[in-house]
Amino acid sequence: MKILGISGSPRKGKNCEKMILTALEIAKERGFETDTVFISNMEIAPCKVCGACVENDSCVIEDDMEEIYEKMRSADGIIVASPVYMGNYPAQLKALFDRSVLLRRNNLALKNKVGAALSVGGSRNGGQEKTIQSIHDWMHIHGMIVVGDNFHFGGIAWNPIEEDSIGMQTVSETAKKLCEVLELIQNNKR
């Protein structure tokens, strides 16, 4: 089984990418295949709402989304990390989410995949829960199975994550829960 980690931050090598790498290391230790999408390394234009993806299984915009579509289709689980920008996720992640409508319009390609969310803010109560809720909303729209960290909504950290052991524990617990649910699904298929 494969877990895709998506860092929704435009900043290279910072908190979100580190949280994703931490989560995916836990998945690897449990035997999962992993893959990443780091928005900091990609070009993703906003959706034009042209409707072309209603008729076709491709987008008319030529950028990195084609690669992302394939990664999302092939994943069994998706974990998304986002910084808090003005109380929610940044425009770069919003562009990815909006463009993912192609997957919804084409046989609900993300339906029944397991999803989890992580967020980091500038303070303990910096909008992380709202950001996670917004990521969960996107997952629900796709028909995904949404999990938290066994106690709350997901991984909630404070910048810088290296100094937030409590927050990083919630990141680890969220990754473990994602793995547990995928393992349960896999075991029930047998």
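Q: In which helix does alanine 175 lie?
A: Alanine 175 lies in helix α7; helices (H or I, at least four residues) and strands (E, at least two) are DSSP runs, numbered from the N terminus. The model is predicted, so local features need pLDDT of at least 70 and side-chain atom pairs pLDDT 80 or more, while totals for chains, interfaces and linings use all residues. Residues are numbered from 1 along each chain as its sequence is written, and side-chain values use heavy atoms, without hydrogens and water.

Q: Is alanine 175 buried or exposed?
A: Alanine 175 has a relative accessible area of 1% and is therefore buried (under 20%; exposed is over 50%, partly exposed in between, with a 1.4 Å probe and protein chains only).

Q: With which residues is alanine 175 in contact, leaving aside its neighbours within four places in sequence?
A: Those residues are Ala23 and Ile26, where contact means heavy atoms within 4.5 Å. Aspartate 76 stands 99 residues from alanine 175 along the chain, and their C-alpha atoms are separated by 13 Å.

Q: What volume does the largest pocket have?
A: Rolling a probe the size of a water molecule over the atoms shows where empty space is left. On a 1 Å grid over the protein atoms alone, a cavity is a set of points where a 1.4 Å probe fits but cannot get out; a pocket is an open set with protein on both sides within 12 Å along at least five of seven lines, and lining residues have an atom within 4 Å of a point. The largest pocket here has a volume of about 270 Å³.

Q: Which residues lie nearest the centre of the largest pocket?
A: Of the 16 residues in the lining, Arg124, Glu129, His152, Ile156 and Thr170 lie nearest the centre. Helix α7 (165–189) and helix α6 (128–141) each supply at least two lining residues, and α7 gives the largest share, five residues.

Q: Which elements each supply at least two residues of the lining of the second largest pocket?
A: They are α1 (15–29) and β4 (114–121). The second largest pocket holds about 160 Å³ of space, and its lining includes Ser9, Cys16, Tyr85 and Asn159.

How values were computed. Grid points are joined across faces, edges and corners, and a volume is the space filled by probe spheres set on the points.
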